[in-house]
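Morning, everyone. Please bring the structure up on your screens. I'll take pockets and then cores.

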Amino acid sequence: MSQIVLKGIDKFYGSNHVLKNLNLVVEDGEFMTLLGPSGCGKTTTLRVVAGLEKPQNGTIEMDGRMVVNAAELFFEDPGKRGMNLVFQSYALWPHMTVFDNVAFPLTVKKVQKAEVKRRVMDALARMRIDEYAGRYPSELSGGQQQRVAIARAIVSQPKVLLLDEPLSNLDAKLRVDMRSEIKRLHHELGTTILYVTHDQVEALTMSTRIAIFFEGELEQVAPPMDLYQNPISLRVADFIGNPRINFIDGEGSFAADGALVVDSAMGRTVFPQKLLTGDRPGSARFPVVLGVRPEKIILSAEAGEGLIPAAVYSVQPAGSETTIHLKMGQTDVLAKEMGIRNYQVDRQVGLRIDPDKINVFDKTTGRLIKMAVPD
């Protein structure tokens, strides 16, 4: 069991309040990604869990065992927590072979040589680099060096694997390959993984759950598709998704039956009561923001009855998909279609948007008040 429970964690660097009353549970065997912009507290959280930093307030439990209690000044030694950390910079010994780099944690523990060889070669085979056991780090590519660093982290069979932006130094192709390798590794080992990144693609494609941070505060924790389809706030919605989500201003009110009615550049839209959250505005009429993902906009080559009129502003084909920039009156929107699509600039088109696929946010508080129906 490798459940990690953080309660009321505060971390200061001088007067800078880096982590603010952080409460987070990482379940046994899950792949939890800490996501957010630079400086939001992701890496600090990882370092606090690893024992490299001491919080000023709060507790951390692992497997029901207290490892940090700041109030009692109790901080368990990092080496006793059963965790291994993989850094962004690989941190390999340049004078050691791949085999010796990976074997180092076992050598320090005085594991028998035969067992060291078996476990090192098994770890290298899992990362598909066993043929490079006799090489030095300088003779390897960046992707191969990162695999060595991960092999070294898993060879001692840690309860928890901590990964701090391990792919940020790799080129785009290697990042895709390594995402696949790490996800496969998690499937095979079942180890609890805590992963830090600012890359939303990494987070969405690899995680079982994502914890998204802003300015030292935890904003939302959810499975990737839940986070994408129903972000809890405007800033989460704006951070997640490429191309970006469309925000359309409107005015909301409640019908007699409790349904949400919104008037916007899309016209009047009525949303069923069953999809509303508990964060309802109290006033009779209130400003809202509609959130529409580009792939949820269906384009018709001609404007027509029942369709929202729009004009093509620009077209950006990218091979596998095409992004279309549209003008809906004075409102800019992006649509995305698969494959190569050709639309003439300034052409009048019609848009169809399923109300079930729209998020509605209270503009004043920024909170989600109407959810989208999951795909």
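How much space lies in the second largest pocket? About 190 Å³. Keep in mind that this is a predicted model.

Let's stay with that second largest pocket. Its lining includes Arg-118, Arg-119, Asp-122, Ala-123 and Arg-126. Ile-154, Val-155, Gln-157 and Pro-158 are also among the lining residues, as are Leu-189 and Thr-191. Helix H3, residues 113–126, gives the largest share, five residues. By type, the lining has five nonpolar, two polar and four charged residues.

Now the largest pocket. This one holds about 560 Å³ of space. It is lined by 20 residues, and the closest to its centre are Met-83, Asn-84, Leu-85, Pro-105 and Ser-156. Two elements give two or more residues each: strand E7, 83–86, and helix H4, 142–154. E7 makes the largest contribution, with four. The lining splits into 14 nonpolar, four polar and two charged residues.

On to the cores. In soluble globular proteins, nonpolar side chains tend to be buried together. Here, the largest nonpolar core has 34 residues. Val-102, Val-120, Leu-124, Ile-150, Ile-182 and Tyr-195 touch the most other members. Helices H2, H3, H4 and H5 each supply at least two residues, and so do strands E8 and E9. H4 provides the largest share, six residues.

Look at Tyr-195. Beyond its neighbours within four places in sequence, Tyr-195 contacts residues including Phe-31, Leu-34, Leu-163, Ile-182 and Met-206.

Last item. There is a second, separate core of 27 residues. Leu-260, Leu-299, Leu-326 and Tyr-343 are among them. Thanks, everyone.

Note on methods:
Residues are numbered from 1 along each chain as its sequence is written. This is a predicted model: local features need pLDDT of at least 70, side-chain atom pairs count only at pLDDT 80 or more; totals for chains, interfaces and linings use all residues. Side-chain values use heavy atoms; hydrogens and water are left out. On a 1 Å grid over the protein atoms alone, a cavity is a set of points where a 1.4 Å probe fits but cannot get out, and a pocket is an open set with protein on both sides within 12 Å along at least five of seven lines; lining residues have an atom within 4 Å of a point. Grid points are joined across faces, edges and corners, and a volume is the space filled by probe spheres set on the points. Ala, Val, Leu, Ile, Met, Phe, Trp, Tyr, Cys and Pro count as nonpolar, Asp, Glu, Lys and Arg as charged, and the others, Gly among them, as polar. A nonpolar core is a set of buried Ala, Val, Leu, Ile, Met, Phe, Trp, Tyr and Cys residues joined through side-chain atoms within 4.5 Å. Buried means under 20% relative accessible area, exposed over 50%, partly exposed in between (1.4 Å probe, protein chains only). Contact means heavy atoms within 4.5 Å.
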